[in-house]
Amino acid sequence: MSNRWIVAFVLLVVAVGSVIFHLVTPWWSTPIASNWSQIDFTINLTFWITGFVYVAVILFMAWCIFKYRYRPDRRAEYEPENKKLEIWLTAITTVGVAGLLAPGLIAWDAYVDVPKDASEVEVVGKQWEWSYRFPGKDGKLGKTAIRFINSDNPFGIDPKDPNGKDDILIEDTDVTLPIGKSYKVLLRSTDVLHDFYVPQFRAKMDLVPGRVSYFWFKTTRRGTFDILCAELCGVGHHAMRGKVSVVTPGDFDKWLGEQTTFAQAQKEARLRKQKKEAIKRAANETKQAARN
Amino acid sequence: MADVGTVGLEQVPPAEVEEMELFHPKSFATKYIWSQDAKIIAVQYAGTAVAIGMVGLVLSWLMRLQLGFPEIFSFISAKDYYQFITMHGMIMVIYLLTALFLGGFGNYLIPLMVGARDMVFPYVNMLSYWIFLLAVLVLIASWFVPGGPTGAGWTLYPPQAILSGTPGSSTGIVLMLISLALFIVGFTMGGLNYVVTVLQARTRGMTMMRLPLTVWGIFVATILALLAFPALFVGAVMMTLDKMLGTSFFMPAIVEMGQQLTYRGGSPLLFQHLFWFFGHPEVYIVALPAFGIVSDLISTHARRNIFGYRLMVWAIVVIGGLSFIVWAHHMYVSGMNPYFGFFFATTTLIIAVPTAIKVYNWVLTLWKGNIQLTIPMMFAIAFIVTFVNGGITGLFLGNVIVDVPLSDTMFVVAHFHMVMGVAPILVIFGAIYHWFPLMTGRMLHTGLGKFHFWVTFLGAYLIYFPMHYLGFLGVPRRYYELKDTSFVPASAADLNAFITVAALIVGFAQIVFIINIFWSAYKGKPSEKNPWKAASLEWQTPGLPPGHGNWGKELPVVYRWAYDYGVPGAKDDFIPQNVAPEQVEMDNDRKETATT
């Protein structure tokens, strides 16, 4: 078999094989669990338009290789330029690219623009665990700063900010959210870059120390989903996991009610401290008594 | 050139040593080691780049072993894994691809293709190589310091790059930054040479619009590099200061493992902007020379003029220019102001237009050609397949909203390996098979070449094509191990194992290529002059391989572009660039057939 047969045939196999692989693959996007089906639509649109171009280019090449094989008695056509063809191809490509960009930018506009009814929830990342903070009844999160962080105040909430007192703290890698609710997710890191990533939500964004970033989404499906870190954050990056459970609003309120507020946490910390001091004092007194 | 009169010259004593004698090296050391001949420097650059590239290849095997067969290779810890991916990425992008395309092919081909005797600053050109070698040695040294090399990822993002949770954050990262700074110093010396040589040392008749596209690609890529590398340079200097002196360019207030650090007020995003202001043009620093070279390979072996030469040149220039205003598409989910997304998605997708034009013109060069399926041509065709594949996935990632679910997944890994790993490397192979006879006077073995081609092309395709689907699924990149998740089916582990096996096979196939190189250099079939019947100038030298000074006594004069293949009426199917119109042998029978 001559080389041109082999090369043309392999190109055909690459083109057809890639399409078949796509049709039978068991590996594709996870079933979506948020409002961002617009993203999936744009991915699919991009896939089919670009996929068509890809297959067309390969098949055209295979045909050229087959048809215009080398023969010593033949000459290639001498045609330095073909303005008409070049203009047509440029114009069609421009239209195609605009056709991909337009739905993409429309979807991005929605992604950037948080709806007014969205509630806030804060995700805090540190090497290598997640924690979360919900606003209390006032609906406002208290101010935070790195300098307030200590073992009694891991979130770094400003103790003087009244908005922070009723903040609900989830010092756990797992979190629960109600179904059918929009959330503006505020992202804060206390050490390095992280990225809050739940494949089924489609949305993600980096956590950047020194600033608060955000994204928004609406829960649309009940279930428990993996939370991963998607921005390299050191040697424990792959182990920075968690789970988010999307449950009915009733179950969510029940779960939230069982969590500790910042005021409660501070009170407990104060009690712990007093207890420790009391024990210390008692020990000193015993010691003194023994000496006497 | 100024016309110097002869009046008064009779009083000047004759030189003791003739000028040409002074020009040529006298000893082995000045000829082959501290050589100022661009062709030798090219081989030094290429040899060093390929040697360190082999280290990068072995690193990729190690990381693939971990991904394909987790928990089996207990000698690979998470720390090792992150060091492997970091060094693999940096080595391949900077020390292999950039050095090989510009330092290797740039040095070898520019003077020959523009009709110059050498680069314009040969001494600086020599220094460029030795500083590059030093940079490589510093990079290698980081394996032998406490803590080992940095494991911060090739992007070296602070704060983690210089904090204790990242491998090599004590010494490895500093050596990496020093090595990069040295590389940039060395590159700048070479880069100025390439640009000035193209602008100032072209022979008579070699106008800019008669340059082969290889020279255009390398020329524009070098300008990009000269403008982009300084951003990385200052980034490296600032991060070194943050690390060594405790400044806070990139470091905000941080609590590290419960400990308050003294950094205040710096911006991690600033580094990302500096890095990608370099990093995105870097993609085109690798891609543009590949574009240029592959254009010449296709035209020569299809025996047809490159289609739409002027548009090809403009596409290279426009892509080069646009590559400076798209950098933040690497940062769509970085936490920067999301409104940037609109601008950068638009500029990024605009780049697709000139890039698509290049692809059309390559395949239209094949169309109505007289295609010889030589090894270089096969690699060129494989390049088009992999490049189009990697290019269209760029349309996914460039379109900001589509990037959101796919960023930081294996889709990105598959995309950039296809577009700036596999595709340019296929061009490098094609180029080596093409120009090896010029460099050595011998042909590479065709049978071994075919074996090397098929395993490399199909193997690489089988590695990276399915990998995109892991990304669609949501498998994150830079993961030492995924373990059990609710969204990844068990079959994904089988795919990972398959990819690893394919990667090992493709890697080992490169040994065949190395053997072919060494065997053919000494025992290969002697090449005739201009074995591919190429029209461009580098094949028209008096000697094969060309000697020091390239052109003997007289510089060539150029009368035409580099793509006169299949000219109607001419006796041969190609006319070299230095053949004057009146010297072209005409074939009257053919002329009649051509006109009828």
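Tutor: Two strands count as a pair if DSSP finds at least two bridges between them. The model discussed here is a predicted one.

Student: In what order do the six strands of the open sheet of chain A stand?

Tutor: The pairing in this sheet is mixed. Its edge strands are strand 8 and strand 11 (260-261) of chain A, each of which pairs on one side only. Read across the open sheet, the order is 8-5-1-2-3-11.

Student: In which sense do strand 1 and strand 5 of chain A pair?

Tutor: Strand 1 covers residues 119-126 of chain A and strand 5 covers residues 182-189. One of the bridges sets Val121(A) against Val185(A) in strand 5 of chain A. Seven bridges join the two strands, and the sense of the pairing is parallel.

Student: Over how many bridges do strand 5 and strand 8 of chain A pair?

Tutor: Strand 8 takes in residues 213-218 of chain A, and its pairing with strand 5 of chain A is antiparallel. Leu187(A) has Ser213(A) of strand 8 as its bridge partner, and Leu186(A) stands opposite Tyr214(A) of strand 8. The number of bridges between strand 5 and strand 8 of chain A is six.

Student: Which residue does a cis peptide bond join to Gln127(A)?

Tutor: Omega of this bond is about -10°. The residue joined to Gln127(A) is found in the loop between strand 1 and strand 2 (129-134) of chain A. That residue is Trp128(A).

Student: Which strands stand at the edges of the five-strand sheet of chain A, and why is one side of each left without a neighbour?

Tutor: The five strands form an open sheet of mixed pairing in the order 4-10-9-6-7. Neighbouring strands are turned by 25° against each other on average, direction ignored. Each edge strand has a single partner strand, so one side of each has no neighbour in the sheet; these edge strands of chain A are strand 4 (174-178) and strand 7 (204-207).

Student: What is the bridge partner of Tyr197(A) in strand 7 of chain A?

Tutor: Strand 6 (residues 194-197) of chain A pairs with strand 7 of chain A in the antiparallel sense, over four bridges. Within this pairing, the partner of Tyr197(A) in strand 7 is Lys204(A).

Student: How far apart do the C-alpha centres of domain 1 and domain 2 of chain A lie?

Tutor: Domain 1 of chain A is made of 3-68 + 82-112, and domain 2 of 119-272. Eight residues of domain 1 are in contact with 13 residues of domain 2. By class, that side of domain 1 has five nonpolar, three polar and no charged residues. The distance between the two C-alpha centres is 39 Å.

Student: Which helix of chain B gives the largest share of the side that touches chain A?

Tutor: On this side, 95 residues of chain B are in contact with 87 residues of chain A. They comprise 63 nonpolar, 22 polar and 10 charged residues. The largest share is 13 residues, and it comes from residues 340-366 of chain B, that is, from helix 10.

Student: Are helix 4 and helix 6 of chain B roughly parallel or roughly antiparallel to each other?

Tutor: The axes of helix 4 (residues 78-114) and helix 6 (residues 172-200) of chain B come within 10 Å and cross at roughly 25°. The crossing is left-handed. Among the residues making the contact are Gly103(B) and Gly106(B) of helix 4 and Gly190(B) and Gly191(B) of helix 6. Angles under 35 degrees count as roughly parallel, and helix 4 and helix 6 of chain B are therefore roughly parallel.

Student: At roughly what angle do the axes of helix 6 and helix 7 of chain B cross?

Tutor: Helix 6 of chain B passes helix 7 of chain B in a left-handed crossing. Their contact has 22 nonpolar, four polar and one charged residues. The two helices are roughly antiparallel, and their axes, which come within 8 Å, cross at roughly 155°.

Student: In which loop of chain B is Pro545(B) placed?

Tutor: A cis peptide bond joins Leu544(B) and Pro545(B), with omega about -5°. The loop of chain B that holds Pro545(B) lies between helix 15 (491-523) and helix 16 (588-595).

Technical notes. Residues numbered from 1 in each chain as written. Chains lettered and ligands numbered in written order. Predicted model: local features only at pLDDT ≥ 70, side-chain atom pairs only at ≥ 80, totals over all residues. Contact = placed C-beta atoms within 7 Å. Nonpolar A, V, L, I, M, F, W, Y, C, P; charged D, E, K, R; others polar. Domains from an automatic or database assignment. Axes fitted to C-alpha atoms, helices over the stretch in contact; angles between N-to-C directions. Parallel < 35°, antiparallel > 145°, perpendicular 65-115°, else oblique. Left-handed = near helix turned anticlockwise from the far one by under 90°.
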